[in-house]
Protein chains: 2
Amino acid sequence: MSKLKLFGDPISGNCLKAKWTAEYLRADIEWIPLDILNGDTRRDDFLAVNPFGQIPAAVLPDGRVITQSNAIMTYLAENFGGSLLPQDPYERAQVFQWLFWEQNSHEPYIAGRRFRKAYKKLADEEIDSEWLPRGYAALALMERTLLDNDFLVGITLTLADIAVVAYTRVAHEGGFDLSDYPGVRRWITRVERQLDIKPVGNA
Amino acid sequence: MSKLKLFGDPISGNCLKAKWTAEYLRADIEWIPLDILNGDTRRDDFLAVNPFGQIPAAVLPDGRVITQSNAIMTYLAENFGGSLLPQDPYERAQVFQWLFWEQNSHEPYIAGRRFRKAYKKLADEEIDSEWLPRGYAALALMERTLLDNDFLVGITLTLADIAVVAYTRVAHEGGFDLSDYPGVRRWITRVERQLDIKPVGNA
């Protein structure tokens, strides 16, 4: 029987968070690793599957495609059981709040700096100088919640934690120092344990 | 009886899209207009309601706050009836795909240029030169869908249309010319009519 196929590159936090969600839910899907830097997402065989050439991409058994990491995670949470997306209307809204915030206020700066420093090998002066303070502002906002709470929403792991941890745990690769964010560091360890993923030494 | 209060500034597409969603759903809420440029979101009375000082902000009758425009829209769609968020799992995923895409691939460039040109009165040279081509790439991606479809997802209005139309209809204020995007222009008119909002002349 045909399964949902999830195409992604393990260097991409956006891809990993979809993969981790599927694994946490023990969803019976097929993970297909691609190498972005090697041009895999520009090859005809992948473009035949997803004309937009983006990853992560979830391809349903009938060929229909879902893109956008957080939309894929939401789809998995709503269709493969589990409680990563709470039923309580307010907690549910909080999860979506963090998911949208991650894409507009966290990922552009924290993942953006990491990609430019760790993969494109750019120097600090070649990276938009606004990104460092904006990334720290995102970490400070997380710290406000995580100093007194084990998880971003409610008292258990949700999609919010998986989405936000993906690039936070590798923030040091983008030049962010987490020393002053003890709540964030403890939370990284906690979420990595829940997801059974190997620490990268940022916590 | 206490109602949900929606705080927002009518110059902000992110605020308007939450307001339009509530109006379309005939949700019995209270709209409280603030003036960002006049500092209303930095005043103590608003900060007492929402310590993060962001708008749009939805404040539930018990005082709990939801921020992030698209999270507020999702909350309204899930709790005030209507069919702006489809039940079909794939269409639902498509709506979320557009909502996340709007925040990471459309709003930063199209709303970003509009704010800098129309409100901060900056010259083109003072605005990141990547934003114009990225905004046009977003419009081109929409055109691919809208040339042959009345709405972004399925055959009726959804949250996706409301979220994406908010800044697309005022894209000309950011220097974007929609002449080459006839599908987008027809869709703007269609969505404005459905939402019963006054055209701004971009279509």
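Helix α4(B) gives the most to the lining of the second largest pocket, with 5 residues. Helices here are DSSP runs of H or I at least four residues long, strands are runs of E of at least two, and both are numbered from the N terminus. The pocket has a volume of about 410 Å³. Of its 21 lining residues, Phe52(A), Gln94(B), Gln97(B), Trp98(B) and Thr145(B) come closest to the centre. Two or more lining residues each come from β4 (65–67) of chain A and from α4 (89–119) and α5 (131–146) of chain B. As for the terms, the search runs on a 1 Å grid over the protein atoms alone: a pocket is an open set of points with protein on both sides within 12 Å along at least five of seven lines, a cavity is a set where a 1.4 Å probe fits but cannot get out, and lining residues have an atom within 4 Å of a point. Points are joined across faces, edges and corners, and a volume is the space filled by probe spheres set on them.

All of this rests on a predicted model, in which local features need pLDDT of at least 70, side-chain atom pairs count only at pLDDT 80 or more, and totals for chains, interfaces and linings use all residues. Residues are numbered from 1 along each chain as its sequence is written, chains are lettered from A and ligands numbered from 1 in the order written, and side-chain values use heavy atoms, with hydrogens and water left out.

The whole structure turns up 1 cavity of 30 Å³ or more, and the largest cavity has a volume of about 40 Å³. On the chain A side, Pro89(A), Arg92(A), Ala93(A) and Phe96(A) are among its lining residues. Chain B puts in Ala71(B), Thr74(B), Tyr75(B), Glu78(B) and Asn79(B). Helix α3(B) supplies the largest share of this lining, 5 residues.

How do the two chains relate?

Several helices are well covered. In α3 (residues 69–79) of chain A, 9 of 11 residues are buried, meaning under 20% relative accessible area, with over 50% called exposed and anything in between partly exposed (1.4 Å probe, protein chains only). The buried ones include Ile72(A), Met73(A) and Leu76(A). After α3(A) comes Gly81(A), with a positive phi near 75°.

Helix α6(B) has 10 of its 10 residues buried, so it is largely enclosed by the rest of the structure. Its cover includes α1 (13–24), α3, α4, α5 and α7 of chain B, where contact means heavy atoms within 4.5 Å. In the loop between α6 (159–168) and α7 (182–195) of chain B sits Arg169(B), which is buried at 7% relative accessibility. A polar atom of the Arg169(B) side chain lies 2.7 Å from the backbone oxygen of Lys198(B).

Conventions:
Polar contact = N/O pair within 3.5 Å; in protein donor to acceptor, adjacent residues only side chain to side chain.
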